[in-house]
Number of protein chains: 2
Amino acid sequence: MSTETAASRRTTYTPDSLLEVAVAVFNERGYDGTSMEDLARAAGITKSSIYHHVKGKEELLERGVNRALDALNGSLDEMEALPDAGELDRVEQAVFRAVQILVEELPYVTLLLRVRGNTEAERAAQDRRREIDRRLAGFVERAADAGALRADVDPHLASRLVFGMVNSVAEWYRPQRDLAADDVAAAVTRLVFDGLRRR
Amino acid sequence: MSTETAASRRTTYTPDSLLEVAVAVFNERGYDGTSMEDLARAAGITKSSIYHHVKGKEELLERGVNRALDALNGSLDEMEALPDAGELDRVEQAVFRAVQILVEELPYVTLLLRVRGNTEAERAAQDRRREIDRRLAGFVERAADAGALRADVDPHLASRLVFGMVNSVAEWYRPQRDLAADDVAAAVTRLVFDGLRRR
DNA sequence: TGGAACCGACCGACCGTTCGGTTTACTGTA
DNA sequence: TACAGTAAACCGAACGGTCGGTCGGTTCCA
């Protein structure tokens, strides 16, 4: 009642609620493997009705990946604005937070991680993602310069591997079935910093 | 000269040499995003000529993913046939070897990792891959039962994360530009077992 | 000279998108 | 309470184009 006239009616779509359906189908069948007919069937409306809400298939992709990119960029902004913790703590925080956001925005981040680069929108998403990877690698590099990391693994390689592990969570995580986001984030963080070996 | 009449003539395609081209294009544009016309252009022959070598697009996918699956299964067979090393050593060996094969058979493993499940061939590949994941998880579980792993991370979760890191190498590794396979494998193994933190 | 390798033309099916029109839900007026 | 007006939501039919695949040949070479 506070925000708008919406929320009373339902059964009808907004661009955002349609996006939710579309992204789910994209992740199941792949973007290129999804036809507008597939989306229409999943949404329970006809193909032509989709065009009442969005300009086309590519806009759905663009909105989907941008939601993930905005969330990831936002948390990086927050972390950089924070008073300087130790360089190692900052990396630990980045890893933990990355897992949190991946789980919170799972469908959208999943979509982003699978973008191939066939269209202009996809290449733009890849560019924005590379910028995020660069910022994360920066954290790792500063920690390495401060001598907080082991010296026998190149910081760039370490960054790729660590956030590769983080992103791999999108391959299997299911909200209902699996642990809470923070538990997964904690496990990843422990593994990344102290390894699998018993001490 | 030892194997066959081939190797003398070139400029013509065999199913395998065509596969090499096709898999490269699949990985660049995605399987569904690749048209037979794309493949023909990349191979330097016409669309219809492709059908002289293979039955169709799906056979190329099937051959591609099976090459990766056979390589992975083969190395698992080898490892299980080996005299029993310690349970921890076996996990370490599995991680190292997984990276090696991923790099050796990079295009084929990359293709496998991106399979979506839209066709029967894709679902068969997913099933075979799940079996491999199960065998790998078995190694980790046995090491955990033997008390060789840290107790505060669930072995199933640990397995997913570790081999998630391994597989993430396919996202960025380029043979010319990057380290040798064994160097990457060593880095992954170090990170997985002893972590990023300086000691 | 026979088979392997390849080609150009073409097929039906399906693609993303458009368009004209209908239904639905809500509003202001009486 | 009744109803006309309106805009959002939706639909069926069709568009031009591209898809994977077929077919009847021609070229090449051992």
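Reader: What relative accessibility does Arg197(B) have, and how is it classed?

Author: This is a predicted model, and the class is read from the computed relative accessible area. Buried would need a value under 20% and exposed one over 50%. Arg197(B) falls in between and therefore counts as partly exposed, its relative accessibility being 25%.

Reader: Which residue meets the side chain of Arg197(B) in a salt bridge?

Author: The N to O distance in this pair is 2.8 Å, and a salt bridge requires the two atoms to be within 4 Å. Arg197(B) lies in the segment after helix 9 (181–194) of chain B and its partner in helix 9 of chain A, so the pair joins two chains. The partner is Asp194(A).

Reader: Which element gives the largest share of the side of chain A that touches chain B?

Author: The contact takes 44 residues from each of chain A and chain B, and 26 residue pairs between the chains are in polar contact. Helix 1 (15–29), helix 5 (87–104), helix 8 (155–168) and helix 9 (181–194) of chain A each give two or more residues to this side. The largest share, 8 residues, comes from helix 8 of chain A.

Reader: How much area do chain A and chain B bury between them?

Author: By class, the side of chain A that touches chain B has 19 nonpolar, 8 polar and 17 charged residues. Of the area that the two chains bury, 56% is on carbon and sulfur atoms. The total buried between chain A and chain B is about 4,200 Å².

Reader: How many residues apart in sequence are the parts tied together by Asp16(B) and Arg63(B)?

Author: The side chains of Asp16(B) and Arg63(B) meet in a salt bridge with an N to O distance of 3.9 Å, which counts because the cut-off is 4 Å. Asp16(B) is partly exposed at 48%, and Arg63(B) is also partly exposed, at 32% relative accessibility. Asp16(B) lies in helix 1 (residues 15–29) and Arg63(B) in helix 4 (residues 57–81) of chain B, so the pair ties together parts whose separation in sequence is 47 residues.

Reader: Is Arg150(A), which forms a salt bridge with Asp152(A), buried or exposed?

Author: The closest N and O atoms of Asp152(A) and Arg150(A) are 2.7 Å apart. Asp152(A) counts as partly exposed at 39% relative accessibility. For Arg150(A) the relative accessible area is 16%, and the limit for burial is under 20%, so Arg150(A) is buried.

Reader: Which side chain has an N or O atom 2.5 Å from a base oxygen of DNA strand C?

Author: Among the 18 residues that surround DNA strand C, the closest include Met36(A), Thr46(B) and His53(B), and helix 3 of chain B supplies the largest share of this surface, 4 residues. At 2.5 Å from a base oxygen, the side chain asked for is that of Ser48(B).

Key:
Residues are numbered from 1 along each chain as its sequence is written. Chains are lettered from A and ligands numbered from 1 in the order in which they are written. This is a predicted model: local features need pLDDT of at least 70, side-chain atom pairs count only at pLDDT 80 or more; totals for chains, interfaces and linings use all residues. Side-chain values use heavy atoms; hydrogens and water are left out. Contact means heavy atoms within 4.5 Å. Buried area is the accessible area (1.4 Å probe) that two parts lose on being put together, summed over both. A polar contact is a pair of N or O atoms within 3.5 Å; within protein, one must be able to donate a hydrogen and the other to accept it, and residues adjacent in sequence count only if both atoms are side-chain atoms. Ala, Val, Leu, Ile, Met, Phe, Trp, Tyr, Cys and Pro count as nonpolar, Asp, Glu, Lys and Arg as charged, and the others, Gly among them, as polar. A residue is near a molecule or strand if one of its heavy atoms lies within 4 Å of it. Buried means under 20% relative accessible area, exposed over 50%, partly exposed in between (1.4 Å probe, protein chains only).
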